[in-house]
Amino acid sequence: MSEHKINYTKIYFTLLALLAVSVAGPFIGIQWVTLVTAFGIALVKANLVIQNFMHIRVEKSWIKWMLSFSILMILLLFYGVAPDVMRHEGQNWTNVAAQAAVERGIPDGEHEEEAAHAEAEPALAVEESDFAAAGTYVTYCAFCHGVGGRGDGVASSAFDPRPADFGAAAFWDARADDQVALAIREGGAAVGRSESMPPWGSVLDEAQAAAMVEYLKAFQTGG
Amino acid sequence: MTMTKPIATTRSASGIPTGRLAIWWVLASEVVIFGGLIAAYLMHRLGHPEWADAAAHTNTWIGAFNTVVLLTSSFTAVMAHQAAERGDGKKAARLLLLTVGGALTFLVVKGLEWRSEISHGYTITANGFWSFYYTAAGLHAAHVIAGAIIMLFVARDAAKNRELHRVELIGIYWHFVDVVWIFLFPLLYIAK
């Protein structure tokens, strides 16, 4: 059973002091220091509680083995699954959704405010008031047209003719902007192109489709 | 018929009182439940640098305050255990009620924190980070609620000097809930 020699009060105040250090860590502003004060100290705190409050140090040793086994299972889970979750592409596969989330999530310069706004009120992301073409593109278009707009999305190989390549100057030379906007709203068939291009009129109104066309033009590489 | 306890309650083939053995089994499975969730969170967090932007919106001071509350409640729980070992059921019951007070404080603070976050649009469906935030903290809060309820029953018996060994058992569970929070705090509030 428990030892009465343990000074619980002392351990309690040690825990509070360690907590103060882990809160202070990020103020130093050095990443590795923060990691040590956050997770290193969490391990120390957890160990203090487990050893002294839960009295595991005077418990039968096989209880420790039993709990260690549970932790080992979690480590196995982590190392078994983490490579697939943490990497977003491999030799024969691409995790489009994860790549799109990363791309959508990191605000770049002037879009920072807009992105922060979209994050705070996600339900409004596609509404006209704060229409963000980039997010809409990634959600609805990138699957076929590719994250970079080159007509090379994961599903692109399933189509003949292939999805349009917005990076090619020839694409823009061959048609007027309002034709592209019409194709977006009413589908490829409406402009005599591939029927595989579905109509997105229920997602984008005319002004948004026009904004999307401007966004697509930015994919041009100038070549 | 006289009331007798089941044989399993009083025997101890393993050298550990049956109740305490049961608690360790519960915790061995809890390790897998919380461990699986935290492992899943970690691998997604490492694969999604953009989550740092979402994590920047959690309030470190509220998290730290709740950590103090839980550490304090763990302290009162272990003091209750000490009192029970000395046969002082009344004191053990008082300390357990203090621990329940800590649990309620924790939940009230968490409720206010969530209300503020939800009103700013940071809901469970906002993005992956907030999904994990509410799932992990919510599962933890469910354990706090369960522990507080059980503690009330244990305290009621302990006040009459009955079933004092249960004070230690609920204490072990409570310290585990504390340990889970010790890890959730840096994961959700400090690493930004």
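In chain B, 79% of the contacts between residues at least 6 apart in sequence join residues at least 24 apart. The model is predicted. Chain B holds seven helices and zero strands.

**Chain B overall**

- Along the sequence, the pattern of chain B reads α-α-α-α-α-α-α.
- Taken along the principal axes, a box of roughly 65 × 30 × 25 Å holds the C-alpha atoms of chain B.
- Chain B has 192 residues, and 43% of them count as buried.

**Helix α5 of chain B**

- Helix α5(B) covers residues 89–119, 31 residues in total.
- From first C-alpha to last, α5(B) reaches 45 Å, close to the 45 Å expected at 1.5 Å a residue.
- Its buried residues are G89(B), A92(B), A93(B), L95(B), L96(B), T99(B), V100(B), G102(B), A103(B) and F106(B).
- An α-helix has 3.6 residues a turn, so residues three or four places apart point the same way.
- The cover over the buried residues of α5(B) includes α4 (60–85), α6 (128–159) and α7 (165–190) of chain B.
- After α5(B) comes G121(B), with a positive phi near 90°.

**Packing of α2 and α7 within chain B**

- Helix α2(B), residues 18–47, packs with α7(B) at an angle of about 10°.
- The axes of α2(B) and α7(B) are 10 Å apart.
- The angle is under 35 degrees, so α2(B) is roughly parallel to α7(B).
- From α2(B), the contact uses G19(B), R20(B), I23(B), L27(B), E30(B), F34(B), I38(B) and Y41(B).
- From α7(B), the partners include H165(B), R166(B), L169(B), I172(B), Y173(B), F176(B) and F183(B).
- By class, this contact of α2(B) with α7(B) has 12 nonpolar, two polar and four charged residues.

**α2 of chain A against α7 of chain B**

- Helices α2(A) and α7(B) pack at about 175°, with axes 9 Å apart.
- The cut-off for roughly antiparallel is over 145 degrees, so α2(A) and α7(B) are roughly antiparallel to each other.
- On the α2(A) side, the contact residues are T34(A), A38(A), F39(A), A42(A), K45(A), A46(A), V49(A), I50(A) and F53(A).
- They meet H175(B), D178(B), V179(B), I182(B), F183(B), P186(B) and I190(B) in α7(B).
- The contact of α2(A) with α7(B) divides into 12 nonpolar, two polar and two charged residues.
- F183(B) takes part in this contact with α2(A), and F183(B) also belongs to the contact of α7(B) with α2(B).

**L48 of chain A**

- L48(A) is found in helix α2 of chain A.
- With 18 other C-beta atoms within 10 Å, L48(A) is partly exposed, because a buried residue needs 20 or more.
- Leaving aside neighbours within four places in sequence, L48(A) is in contact with I11(A), T14(A) and L15(A).
- L48(A) and D160(A) lie 112 residues apart in sequence and 64 Å apart in space, C-alpha to C-alpha.

Conventions: Residues are numbered from 1 along each chain as its sequence is written. Chains are lettered from A and ligands numbered from 1 in the order in which they are written. This is a predicted model: local features need pLDDT of at least 70, side-chain atom pairs count only at pLDDT 80 or more; totals for chains, interfaces and linings use all residues. Helices (H or I, at least four residues) and strands (E, at least two) are DSSP runs, numbered from the N terminus. A residue is buried if 20 or more other C-beta atoms lie within 10 Å of its own, exposed if 12 or fewer, and partly exposed in between; C-beta atoms are placed from the backbone. Two residues are in contact if their C-beta atoms, placed from the backbone, lie within 7 Å. The expected span of a helix is 1.5 Å times one less than its number of residues. Axes are lines fitted to C-alpha atoms, for helices over the stretch in contact, and angles run from 0 to 180 degrees between N-to-C directions. Angles under 35 degrees count as roughly parallel, over 145 as roughly antiparallel, 65 to 115 as roughly perpendicular and the rest as oblique. Ala, Val, Leu, Ile, Met, Phe, Trp, Tyr, Cys and Pro count as nonpolar, Asp, Glu, Lys and Arg as charged, and the others, Gly among them, as polar.
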